[in-house]
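Welcome, and please have your viewer ready.

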Amino acid sequence: MRVALIMLLFAYTSNAQTAAQQKALNNYVDFTNQSADEVAAVVMSVIQYYPTINQKSSWGVPRYSCPIQREEFYLKTALAESRNLPSAVVAGLNKRLNDLESAASAVDEKCKALDTYHKLEDYKKDNFDRARAIIRELQSEVRAYRASQDALASELESAFSRINPTAVQSAYGKADAALKKQIARERAYLDIWTFNLDESVPTGWSPEKLEQSIAETTEALALLKKLQPALKYPASSMWSNFQESLSSVLETKRNALDEYNNEAKKSDRHGNDAYLGLINYFNGTLISDQNAFIQYASNDGYRGIKSIKYFPLFERRSESVVQLITVKPFVDHPRTPLNPPAQKNALSRTAYDALVNYVIFINETWRQTENLAQVLRNVSGDLPRYDKVDSYGRHGALNFDYKDFNIPLAQYQKTISESNQIPTQFAKPLNQQAEVLLNILKELDAISATIEVEAGDAKYDASRTGRVHTLLARSSELLEIWDDRKEQLYQDTRKVYEAFPALKSNSSWYVSGMALQHLTDLDHEGLFKAKAFFQGGQQGTPPSIPTAAIDAALRDVISKEYQNMKGIEKYGRSNGLCPYTPYEDLPETSKRLSQKLNPLKTGAGTGYNHPYYEVLYQYNDVVRHYNQFCELSKNDFLLPTVYQPQLHDINRSKDSAPPAAKTTASSPSVSQTGDKATTSGGGAATSAGTGATAGAAVVIGSTVSDKSADMRNEGAKQAAPAQQVMTEHKVNHDTIYIERRDTVYLTTGNEELRSMEGYAVNNMVLLLDVSGSMNAPEKLPILKSSVLELISMMRPEDKVSIIAFSDKPKAVLTAASFKDETRIQQAISALKSSGKTDGNAGLKLAYKLADENYIRGGNNRIILATDGEFALADPTRELIRKFSTEDIFLSIFNFGKGAGASRALEQIATMGKGNYQYISKENVELQLIREVKAKRAR
């Protein structure tokens, strides 16, 4: 009995100390995280400082100030509270804690040494040699700090296991272990990276390792979604939040993979940006969510420990990695006819998502080929000037800018990996066709990289322009082959989709979707009849394209709207999630398409003047509306459709043959280092005149087998001669370019800062992030007060819309006059911070309002105010690029401090042809004035 009493007393004492022990252990974590933030601040200061000492600037000498004042509170607290822990674990923990403190002090010492060096102005004596030496020493100290941090983290886990050996057996313990496993995996991937201080040097980057990491994260996310631990609220909410955060990390990785294009390979900037961006997401989402889970779980009796933040390492790498560009014919797979038999069961969610992946992949290849085709047309249009001159010395180099071309590797990888959700006999032929599309883009990329070298280094000066003509001819051929193959892949995907019975054939979403799909199919048929006519060279009388079926179908869609949409909620047009908007807009767009088809205009023209463009623009708008409806349908499994390209002719007639090019038997390859490149081998084999025709069978690279030649003859079409059709969507807006940047005017010294005289009328859309992370005195409150201050200087004709977004965007004010002070004040006052950031939905609604209230000749601008913690989806990127060419620009106010977020937001603002600014209470008002005065009146 005495033994039992002792055991009972021990158990009681142990349980009574559990909360105190947990707090003690987490005090070590709190110190480590505070210290990691301080070291990260030092690292970021060095990253920003280093480039300034290696380049001359008109802004004066570089400056440096140590950014931290070390905080002792967390260290003292950890040591004081350690008395609550068993003596068996305290000694080891305190030793590791002191080691970490010493390593942090060493980093602080070097930071202050660099600060003092600048204050003494010793750089005037040694031209920053001592600064470089301190940075090298700091690099070693930061690495030593990382080792100490890892040692303390390991000691904490060991102590936790000894104190709570059975913790992992509970539902909370298992959930905690699952979260920490994902964090450890992501941390291990970050460990293979470092930031290169000399980012102008291309030292190489491993897309293969990133692809592997993407696959691992995808698999881990799928496993997490299958687990359903028995957790109480609010701990259960952090379980789902963590999955959303992991999805954001995954999306960030995929973007990093796709954006590692030919332009990115010229330096280490892309790798640096991706590294810092992933760290920002890792700390701001995964670590934050797991730590919140521990806090909430403690209310339910689980005593876990929190996770430790990550910080970047840096080094200076100077050895360039040569990028070898070799143009080889793409690898083709013969198409296997696909006629799937009717299936018994409806598609599952995962199988449906797998089929949608193919459509998304096709549309991404469409976006990339459309942009590239325009670049190819531009250089093709310049070539005739160089064909007819004897000397190119005073003509300059050809302009070839294809830096925005990305191969959608991430979406391809996602498509292939998730294809295991559909039967193998269907997935295999679809995957082979998807691979062919990818291979075509890879050859286009290699050709374009070669043209860039030829143009930039003026290689055409030696070999005339025959080499470039040959490369352009092959590009035109590839674009035509891609056009055929993407249509085949979509049709086969559609066959597989239709082989399965509808999940809910009587639902209003499905009935409405089928009506819209039928109308879209009729529009597709009409478009392809017009396309055949123009590709045939407009021979004979224009076809009488019947539109009776289209007209009848669109009338049916309109007349049955409330019957088809019965029970579906109508939010109104100001809400980007309202399904009635695409349902109503699609037949209206289809009607305009019908009017363009019957009668079909003829003529050549260029750009927007070409008659085919008018038809194509309307059709792609139909696709946009239909795909939006499919996206909103969510659980009714409507398959979206694909966009169509313009006629992919590179605008060369058969009469404009290039000069004969020199021929060699060797295969061309290009080695590229930084911004300089050389071509090895000779020009591709060609004969005089053959390079001028888009449909010519041109071999680039090694000898092509008969099988490849048959493939080209089967896949290629003869391009329409002497035609040029623009690729972009129809633009009814004003487009202003000054070196491809937004037009921004700064006030002169004699001008009243708050005067709007002489400036364009404003159509401003304020897209305000009201997520929980914006709930800080230096964030949303200062913006709200500054908007109200802005009212006094604005005119009645200036309009403002306000969108609040967190989980879902909401238009709280639409196109109100800036003089409607009461409404603006009410809208501003109603803004409250809560929830998580959904920037993609917010941007969609913002562009919708900006477009609907567009002012011709005005300052049409979206201002996104956020702290930057959201991933940009591909459709949103497409939206930003589209409207940036249509006089609606996107500026970004960054209230966050994460370096990854800053760089990511700056890239988005550049994409939107707007301004980027980090916002503080000192500059917010001036930056708002800058935006409303961004355009002069005409």
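A contact here means heavy atoms within 4.5 Å. With that in hand, start with everything shown: this is a predicted model, and of the contacts in the protein with a separation of 6 or more, 83% are between residues 24 or more positions apart.

Switch to a cartoon view next. You will find 26 helices and eleven strands. Now try a surface view: the accessible surface comes to about 40600 Å², with 50% of that belonging to carbon and sulfur atoms. Of the 938 residues, 56% are buried.

**First stop: two helices**

Select residues 235-258, which are helix 8, and residues 269-298, which are helix 9. How do they pack? Their axes lie 9 Å apart, at an angle of about 175 degrees, so helix 8 is roughly antiparallel to helix 9. To see the contact, show side chains on helix 8, including M238, F242, L246 and V249, and on helix 9, including L278, Y281, L286 and F293. The residues of this contact divide into 14 nonpolar, seven polar and two charged; K253 of helix 8 and D289 of helix 9 are among the residues that make the contact.

**Second stop: L928**

Now select residues 924-932, helix 26, and pick out L928 within it. Is L928 buried or exposed? Its relative accessible area is 3%, under the 20% cut-off, so L928 is buried. Which residues does L928 touch, leaving aside those up to four places away in sequence? Select L783, S786, V787, L790, I863 and F893. Finish by drawing a C-alpha to C-alpha distance from L928 to S786: the two are 142 residues apart in sequence and 7.8 Å apart in space.

Terms used. Residues numbered from 1 in each chain as written. Predicted model: local features only at pLDDT ≥ 70, side-chain atom pairs only at ≥ 80, totals over all residues. Heavy atoms only, no water. Helix = DSSP H or I, 4+ residues; strand = E, 2+ residues; numbered from the N terminus. Buried < 20%, exposed > 50% of the residue type's maximum accessible area, 1.4 Å probe, protein only. Areas by Shrake-Rupley, 256 points an atom, 1.4 Å probe, with all protein chains shown as cover. Axes fitted to C-alpha atoms, helices over the stretch in contact; angles between N-to-C directions. Parallel < 35°, antiparallel > 145°, perpendicular 65-115°, else oblique. Nonpolar A, V, L, I, M, F, W, Y, C, P; charged D, E, K, R; others polar.
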